Amino acid sequence: MELHAVDSLDAALDVLATRGERCQVLAGGTDVMVQLARGEITPAALLHVERIEALRGIEVDGPITLGALVTHRELAKGVLGDGFRSVAESAATVGGRQTQVVGTIGGNVCNASPAADTVPALLVHDATVTLRSSAGSRTVPLSAFLVGRRATTRAPDELLTAIGMPATGEGSGDVYLKVGRRSAMEVAIVGLAMRLRFDEAGTVTEARVALASVGPRPQRATGAEAALVGGPLEPDRVDAAASAVLDGVEPVDDLRATAAYRRRVVPGLLRRAAGICAQRAGR
Amino acid sequence: MTVIGERVPRADGQAKVSGEAVYGVDHEEPGMIWGALLRSPVSSGTITRLDTAPALAMPGVHAVITAADAPDAYAGWVLRDQRLFASDRVRYEGQPIAAVAAETLAQARAAAAAIVLDVEALPAVVDLEQAMTPDSPLVHPDWESYVPAAGPDFPRHGNVAAECIADPPGVDEAFARAYRVITDEFVAQRQYQAYIEPKSAVGIFRGGRYTVHTAHQFPFNVRDRVAQFLDVRPSAVRVVGHTIGGGFGAKLDAGLEPYAALLSRAAGGLPVKLVNTRTEDLLTCPSREGAITRIRSAVAADGTILARELEVIADNGACSGEMPWLAAIALHCARGVYQGGPTRVTARLVYTNTAPTGAFRGVNGTYLYHAVERHMDHIAAELTLDRRDYRLRLLFGDGEELLNGQVLHEAGILRQGFDALEALAPWADLEAGRRPYRGIGIGAAWWLTNPGPGSAVVSLREDGTAAVVTAANDNGSGAVSIGVTQIVAERLGIPPEDVFVTLPDTDIAGYDGGSQGSRTTRAVGKAALIAADEVVEKIKAVAAGLLEAAPDDLEVAEGSVRVKGAPGTRVPIAMVASTALNTVGPLQGTGSFVTPFPDFNPSCASGLLFPSFPTPTYHVHIAEVEVDPVTGTVRVLRYLVAQEVGRVISPDGTYGQVSGAVAQGIGYALHESLRIGEDGRYRERTLESYRLPLAVDIPRVEFVALEHPDPDGPYGAKGVAEGPVLLPAAVIANAVCDAIGRPLNSIPITPEEVLAAIQS
């Protein structure tokens, strides 16, 4: 296996332009090294991008831009501020401290695990991903980038370079809740992120709900979102959202939990998340 | 000055923390090559093709061996029902079929993978109840031909590998006149020992003998097992112990050692090393057995237990290990620590097409106490009695006579345990602090200290330090690195850092019964104390000449021999040791110790292989838990332990063992899932899916040591480390059921079951 260790974006894109088809991009390595050891991936080449300084930036004035190499640990510390607590909370639950200090947000997204913790949080913030190649650049919604279990629309010659999120406005609150068998170092049985925005009168004007570990990819629960919007966060509204949160979702039976458990737990998580969002929004 | 009961750093602590310690898995020998095993991919089947030629043709390969290359021998700790390799029939997933030795580990694994193996799958015996039915396939069609490793045969038949039955008179009569009959059934899953260091071994065949390097809890047992498998006398095998990265019972019987030994012979005597991958280790580890426990009590209106029936069906896996010996433990735990009428006990150990089960800290007791203590809560609830009061009313007292006729002379200690916890956390306050989804649980237990034999030689060195030669092993507990070390230091009047204890070597040290059942501090500490006594007498005899005093007027303390009452008249023991070289010869003493089994009634039960519990200890635990009503997860908020320990030798060592056992018990109760599919294969196969609890899941244990020094123990010590694992599943289950107001009778308690119960 070839190893290409690069320290500039151009060098990385050069490698991908010629070797992209059989090349595995390696950043923190917390997923890739495990997959290599298990024989789940057998790339002809590894492209080590971790030393590309240009991919480490964090812009927080106005819209958020995260370089692909921003680590979970940085996010967990809350560098994005109070409007993005779901992102911090999700990053803080990715593996343990050792994986958080090297694991990257770009890697977590590109790994496209059904259980990826940060993805639901990014989805409720309408995140976009920017992909670069020697030929050019494109920016697409994260929801369109992830197409299935371990599947994205990244072309072989593309590198995910940045993740963008619009600024959250006044009256917003967000949260990430994770269900596991123990209190840390868990692969999510279910992950649920929510973001609610309220107007001065307490009406929910914007709602986002996203789930991990219930299907082949993390996804928005648009039925629940629709149920939450349009009035104050009263019990009936939350009940309606809880009833709708699994619409179109077919929770999976796997080693970690049964589909039946996931069905039981998700509506309760939604109720809990709604309460926390309202509190954080000051409503 | 005494070091007993003082906080003394453990002798092996620095090396383990700094990374200097060489564990068994790190051990290398000059010229060493590597081995790998080909294991059965299915749990039951017939081998229809086994072709090793492709492996032999692989690069770097020195040897490939199968059943055809192994002696035609059966081995086993209690019953000789194991072959080294499967020959025609495979009985569990992971069973070795062939072994390869090659230059590198990668070459060995590649060669093992190149062996052509066809197995025609057969129906797997998995379900314990079905295994006992007359039409079940037999895991061992030849079971009748098997012989015990020692002693007379014991009750067993078909898929029942061992059976212990007590049927005293009066049970049915008592049920007939009962005010109420309370019935429960409990199911307990397996538990993987999940030590950090996977099993490994380096085997060397040289000079006609086998040497095995291994990090093992019981080197003499490895010696005996290797000898059985390889059909040689025990003295043809030497077992050299190394620093061990945890065992918890799983490293009491041989694992990879006989394979490494035979591979070395096949490879012309080159040392061969075998190391389990984590998945191999998990799949083939003798985990704690799964079991079904049924319990039925005839009670009077006031809660008096008029009679009881207890039935246990335990999973032996595909062969027997230590398990038949342990079946009788059901008899010793059937009433827990509470008085009751005649009790009928039926304990059966059942063969299945699954990995053999074996010893795990608190053997059999974890699920038996879970059953008994859950059942006590059930009775109390039915009769609307306070759970703690009810237990206190029926609690064993001094002089309690048990079902096997054994008398517990000091069982009144149990009440002191309840009182000690009451002082820390008054039950009424805990009850008053209850709110929705918060619950409390209480339970109590008694347990043994393993009586196995031990020995030690203590030598006084010419610089005033001491060496202790023993085959005892510090399995991480500190029993050697703190316990034995402190005991010898105390007796010789020297600092603990001046006591050096060997690692085990069956060629060098006398027999040792292994680090099991909390025995090492007590049994080996006692043997070392006897040896040190002899050294002290010799020191005094030599010093008497130097000090011109009578030996009886001398005392050994603070590194010197001094005249009692005239501490200024003294001679350093280093000088005594040096002088002795040229007068009486080197100063050393030897000690041996074994605890006799307490008296019991041999006719109380059939199949009574483990007849009574020596050196009893007493335990009371309380847990307070909070259930998350949204997720069904359980958080242990408080955990309290009162425990009889004889005498605390090391406060840190004692607390560490209690705390560690509680952590392991919390994992068993709440986190660790080791399920077996209908095909007999484990579902959890790595430490990613086998969830060990983390530090954040474990509260700081509130601990009270009860000290009633044992006149036969070194400085009064009894066993400490095993007992505290017995009760966490019991009291946490009681607390969870209290919290949600519904019964949950399975181990582990899963968020799925909790949430389903809450939402039902």
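**Figure 1. Helices α10 and α11 of chain A in the predicted model are oblique to each other.** Helix α10 (residues 235-244) of chain A packs against α11(A) at an angle of about 140°, and their axes lie 8 Å apart. The pair is therefore classed as oblique, since angles under 35 degrees count as roughly parallel, over 145 as roughly antiparallel, 65 to 115 as roughly perpendicular and the rest as oblique. Axes are lines fitted to C-alpha atoms, for helices over the stretch in contact, and angles run from 0 to 180 degrees between N-to-C directions. Helices (H or I, at least four residues) and strands (E, at least two) are DSSP runs, numbered from the N terminus. The crossing of α10(A) and α11(A) is right-handed; a crossing has this hand if the near helix is turned clockwise from the far one by less than a right angle, and is left-handed if anticlockwise. From α10(A), A:Val238, A:Asp239, A:Ala241 and A:Ala242 meet A:Pro267, A:Leu270, A:Arg271 and A:Ala274 of α11(A), where contact means heavy atoms within 4.5 Å. The contact residues comprise 6 nonpolar, no polar and 2 charged. Here Ala, Val, Leu, Ile, Met, Phe, Trp, Tyr, Cys and Pro count as nonpolar, Asp, Glu, Lys and Arg as charged, and the others, Gly among them, as polar.

Residues are numbered from 1 along each chain as its sequence is written, and chains are lettered from A and ligands numbered from 1 in the order in which they are written. This is a predicted model, in which local features need pLDDT of at least 70, side-chain atom pairs count only at pLDDT 80 or more, and totals for chains, interfaces and linings use all residues; side-chain values use heavy atoms, with hydrogens and water left out.

**Figure 2. An open sheet of 4 strands in chain A, with antiparallel pairing.** The strand order is β11-β12-β13-β14. At the edges are β11 (172-179) and β14 (219-220) of chain A, each of which pairs on one side only; two strands pair if DSSP finds at least two bridges between them. Strand β12 (residues 190-198) of chain A is joined to β11(A) by 8 bridges in the antiparallel sense. In this pairing A:Val179 is opposite A:Val190 of β12(A). Helix α11 (residues 259-280) of chain A packs on the sheet and touches β11, β12 and β13 (204-212) of chain A. The direction of α11(A) makes about 35° with that of β12(A).

**Figure 3. A positive phi at A:Arg150.** A:Arg150 lies in the loop between β8 (146-148) and β9 (151-152) of chain A. Its phi is near 55°, a positive value in a residue other than glycine. Most residues other than glycine have a negative phi, and most peptide bonds are trans.

**Figure 4. The contact between chain A and chain B.** Chain A contributes 21 residues and chain B contributes 27 residues. The two chains bury about 2,000 Å² between them, 50% of it on carbon and sulfur atoms. Buried area is the accessible area (1.4 Å probe) that two parts lose on being put together, summed over both. On the chain A side, A:Arg181, A:Arg182 and A:Leu255 lose the most area to chain B, together 39% of what that side buries.

**Figure 5. Helices α6 and α7 of chain B.** The axes of α6 (residues 219-230) and α7 (residues 257-266) of chain B come within 9 Å and cross at roughly 55°. That angle makes α6(B) oblique to α7(B). Their crossing is right-handed. B:Val222, B:Val226, B:Phe229 and B:Leu230 of α6(B) make the contact with B:Glu257, B:Pro258, B:Ala261 and B:Leu262 of α7(B). These residues divide into 7 nonpolar, no polar and 1 charged.

**Figure 6. An open sheet of 4 strands in chain B, with mixed pairing.** The order is β21-β20-β19-β25, and the edge strands are β21 (499-501) and β25 (588-593) of chain B. The twist averages 20° from one strand to the next. Strand β20 (residues 466-469) of chain B runs parallel to β21(B), joined by 3 bridges, and B:Ala466 stands opposite B:Val499 in β21(B). Helix α16 (residues 520-547) of chain B packs on the sheet, touching β19 (454-460) and β25 of chain B.

Figure 7. The peptide bond from B:Ile747 to B:Pro748 is cis, with omega near -5°.
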